[in-house]
Amino acid sequence: MLVAIIIHAIIQEYVLDKINRKMHFSKTKHSKFNESGQLSAFYLFSCVWGTSILVSENYISDPTSLWRDYPHTLIPFQMKFFYILQLAYWFHAFPELYFQKTKKEDIFRQIVYIGLYLFHIAGAYLLNLTHLGLVLLVLHYFVEFLFHISRLFYFSDEKYQKGFSLWAVLFVLGRLLTLILSVLTFGFGLARAEDQQLNFSTGNFNILAVRISVLASICMTQAFMMWKFINFQLRRWREHSSSQPQSVKKKFVSAKGKTSRKERENGINGTVTSNGADSPRNRKDKSS
């Protein structure tokens, strides 16, 4: 936990603060930029490390390793250290709410956000579901890294929107893949295991009640994330649609105010026309 705080301070002081001084962000953008900067660095590091573990242990080439030989009590040192680092980082996020001077209206959202991470990471470690937990974490971290790196580019140039479009597609695919892997593990793999008795000494929690509870918690979390995602996309769509009529109206007013030379010559907007029949000289000749 102390190491996480030190690394957090180094990234903040030597990277993010220097960029903030150059870009001159507002207070709101300053806070969001710092959040995305810290999380993108952590997600990238965790993705690379987690992927290296998955490749070295052949978890990707053999999906049955997610539930085969359960309980997974004998895990490699680097995987155990990976989980310890994950728990340390998210525990350190609580005091960071104070040090970063988080707004009162954002504290509850951040606590829920941090609590969900701690709940699922600690649950996977304590229930000896480390193989499945590692795969789901790497998948989730990759999608979140793409979102925060896109937001960093957006703060530097608000015209940059392509990253959010790619993130939206991968977010939905990530939620779908998470549900598929969870259902396969709990509904197919562990449900067909021979040993389905609760045993604390061996770390076996493969019973029906635990499988249903864990699968339900995963499904509820994915549903909650999709609900937040849909609200986010609807808000962006409303902001985009509300800004379009204003821009069109401004263009229309400016185009209406600037008359062409031909229109001025034809008497548009009260100007004098050049028609010989209506000129002052011809009117005088008519009157005479």
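Begin with the whole structure, where a search finds zero disulfides; keep in mind throughout that this is a predicted model. Cys47 has a relative accessible area of 8%, and because buried means under 20% it counts as buried. Cys219, at 32% relative accessibility, is partly exposed, since that class lies between the 20% limit for buried and the 50% limit for exposed.

Next, select helix 2, residues 27-56, and find Leu44 within it. Leu44 is partly exposed, because its relative accessibility is 41%.

Move on to helix 3, residues 77-99, and look along its length. Its 23 residues should span 33 Å at 1.5 Å a residue, and the end C-alpha atoms, 32 Å apart, agree with that. Where does helix 3 bend? Centre the view on Ala93, where the bend is about 30°, and then pick out Pro95, a proline that follows within four residues. Just after the helix, stop at Lys101, which takes a positive phi of about 55°.

Helix 4, residues 104-126, is the next selection. Here 23 residues should again span 33 Å at 1.5 Å a residue, and the end C-alpha atoms are 33 Å apart, which agrees. Its buried residues are Gln110, Ile114, Tyr117, Leu118, Ile121 and Ala124. In an α-helix there are 3.6 residues a turn, so residues three or four places apart point the same way. After helix 4 comes Asn128, whose phi is positive, near 60°.

Finish with the space inside the model. Rolling a probe the size of a water molecule over the atoms shows where empty space is left. How many cavities of 30 Å³ or more are there? The count comes to one, and the largest cavity holds about 50 Å³ of space. To display its lining, select Tyr70, Leu127, Leu129, Phe186, Leu190, Phe205, Asn206, Val210, Arg211 and Val214. By class, this lining has eight nonpolar residues, one polar and one charged. Helix 7, residues 208-257, gives the most to the lining of the largest cavity, with three residues.

Methods: Residues are numbered from 1 along each chain as its sequence is written. This is a predicted model: local features need pLDDT of at least 70, side-chain atom pairs count only at pLDDT 80 or more; totals for chains, interfaces and linings use all residues. Side-chain values use heavy atoms; hydrogens and water are left out. Helices (H or I, at least four residues) and strands (E, at least two) are DSSP runs, numbered from the N terminus. The expected span of a helix is 1.5 Å times one less than its number of residues. The bend at a residue is the angle between axes fitted to the seven residues ending there and the seven starting there. On a 1 Å grid over the protein atoms alone, a cavity is a set of points where a 1.4 Å probe fits but cannot get out, and a pocket is an open set with protein on both sides within 12 Å along at least five of seven lines; lining residues have an atom within 4 Å of a point. Grid points are joined across faces, edges and corners, and a volume is the space filled by probe spheres set on the points. Ala, Val, Leu, Ile, Met, Phe, Trp, Tyr, Cys and Pro count as nonpolar, Asp, Glu, Lys and Arg as charged, and the others, Gly among them, as polar. A disulfide is a pair of cysteine sulfur atoms within 2.5 Å. Buried means under 20% relative accessible area, exposed over 50%, partly exposed in between (1.4 Å probe, protein chains only).
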